[in-house]
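Please look over the sequence and the structure below.

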Amino acid sequence: MTDAPGTTALPVEGVPAPRVLDEIRALRAADRPTHGGRLFAYVYDPGVAGLDELAQAAYAESAHVNGLDPTAFPSLLAMENALVGAAARLLGGGPGTNAPEVVGNVTSGGTESLILAVKAARDARPDVAEPRIVVPVSGHAAFAKAAHYLRVTLDPVDVDPVTLRPGVADVAAAIRPETVLVAASAPSYAHGVVDPVAEIAAVAGAAGVRCHVDACFGGWALPWLRRLGAPVPAFDFAVDGVTSISVDLHKYAYAPKGVSVLLHRNPALRAPQYFAYADWPGYTMINPVIASTRSGGPIAGAYATLRHLGEDGYLRLAEQTRAAVAGLADAVRAVDGLRLMAEPQSTVVCFTTDGDPDLDLFVLVDELTARGWHTQPQLRYAGLPASVHLTVTASVAPRVAEFGPALADAVAAARAAGPVALPPELLALAGTLSPAALTPELIGELAAGLGLGAGPAPDRMAAVNTLLDAAPVALRERLLVEFVGLLQRPTW
Ligand SMILES: Cc1ncc(COP(=O)(O)O)c(C=O)c1O
């Protein structure tokens, strides 16, 4: 067999184990570096020696265990309950607190937690024929996905262009009789700012509506930052009116991917989250989450990670992260032509340009990539400029001193290269084309022109980002579906 790694999943003759692993490692070599503190999105790396090995061993131990039936596999039930208890305690719940009856479940990730928070809120109100949810535009896109999947209407609330937070009066005004849930972020992913949770929960509570705090991103970071003295506003179950909170363990709890926790203030609030079905001849199905069969791997991996790091470990990692955030923010402030979108309040550094037409943010992102620093471009949206997002984790701390010079160098290179110049007719097309008018031929031409197609994405993405930035939201969505669809084709 001489097929290239990653092309044939089912060879005629089985391949020896060491070779299979070698193939996977060869494929992984093309990936962005998950360790080393130079990738500012997608991965959360504490840089703790031995933690990967521990989590992987724990994961492997439970990978074939099925969370479908907690009575058949009490090991998973025990570990899940312990994870939920830890999350609840960290977020202001549990015995002796303002929320002594907190319950929760482990889900596969933040998106699933948010979908289930919306489902629980929707199904708690069978009297509402056309349910709606109120979500600040800075809320994670998974709320929109939940609304889409669950046929709930999304009522977006604008954020202030300076504070990047929603106004409480605007949230209150968006609540209608059909509203089943109001959302707040702690913090928002894009800019890392914490919404005015206490005020939002108060207006939701006054209207008799549930309030979900999306702490998927920062729920495992903010409490430690607060203990270190950072001015973190109240955002958890200490706030009356907060009915549910999501926190992802595969983010700042540094567990392997596939673990989030969705908490409800009490069992009655959680009940409509479950799906039970006895109206068929097979086993009675009772699922707290979307998946039915669930691997025990992520739960065991998270359990091992939390137990090994402990409170002292997370505090230490938060201290390193806080220092890294401060250092990166200083590096941004030191460069002429850049400005922070907001003063860092959590673990995000987000910056934009000060409007200098010679400095193209998307070219800057490519220049940083070329220097081994992988950042995340964010397109302009609703009056907010395009920006660059850095998710900062503990592993970044030792690299901070190198970032400033690299950023200055990348900015100089971006200025020298000048802005992306897409053909004016292409830009005009992006601004005016309706998604419905996109034919396969046109998509093929656009993709080819931008260097997209089957095979790896181009090293330089500034042209793609410029085109998307020029397009209205609906066209952005459609173009991305089509472009990614071109990549996701079977190999034979
Ligand atoms: C605030 C927030 N909510 C939800 C999510 C969705 O999480 P996931 O990607 O695990 O589904 C994210 C992911 O970054 C997030 O930052």
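By class, which residues make up the lining of the second largest pocket? The lining has ten nonpolar, five polar and five charged residues. Here Ala, Val, Leu, Ile, Met, Phe, Trp, Tyr, Cys and Pro count as nonpolar, Asp, Glu, Lys and Arg as charged, and the others, Gly among them, as polar.

This is a predicted model, in which local features need pLDDT of at least 70 and side-chain atom pairs pLDDT 80 or more, while totals for chains, interfaces and linings use all residues. Residues are numbered from 1 along each chain as its sequence is written, and side-chain values use heavy atoms, with hydrogens and water left out.

Of the 20 residues that line the second largest pocket, His35, Asp52, Gln56, Pro256 and Lys257 lie nearest its centre. Helix H2 (residues 51–62) supplies the largest share of this lining, six residues; helices are DSSP runs of H or I with at least four residues, numbered from the N terminus.

Around the ligand are Gly109, Gly110, Thr111, Leu114, His140, Tyr189, Asp214, Cys216, Phe217, Asp248, His250 and Lys251, each with a heavy atom within 4 Å of it. Helix H4 (residues 110–123) gives the most to this shell, three residues. By class, the shell has four nonpolar, five polar and three charged residues.

An oxygen atom of the ligand lies 2.9 Å from a polar backbone atom of Gly110. In the side chain of His250, an N or O atom is 2.9 Å from an oxygen atom of the ligand.

Terms used: Polar contact = N/O pair within 3.5 Å; in protein donor to acceptor, adjacent residues only side chain to side chain. Helix = DSSP H or I, 4+ residues; strand = E, 2+ residues; numbered from the N terminus. 1 Å grid on protein atoms, 1.4 Å probe; cavity = no way out; pocket = protein on both sides within 12 Å on 5 of 7 lines; lining within 4 Å.
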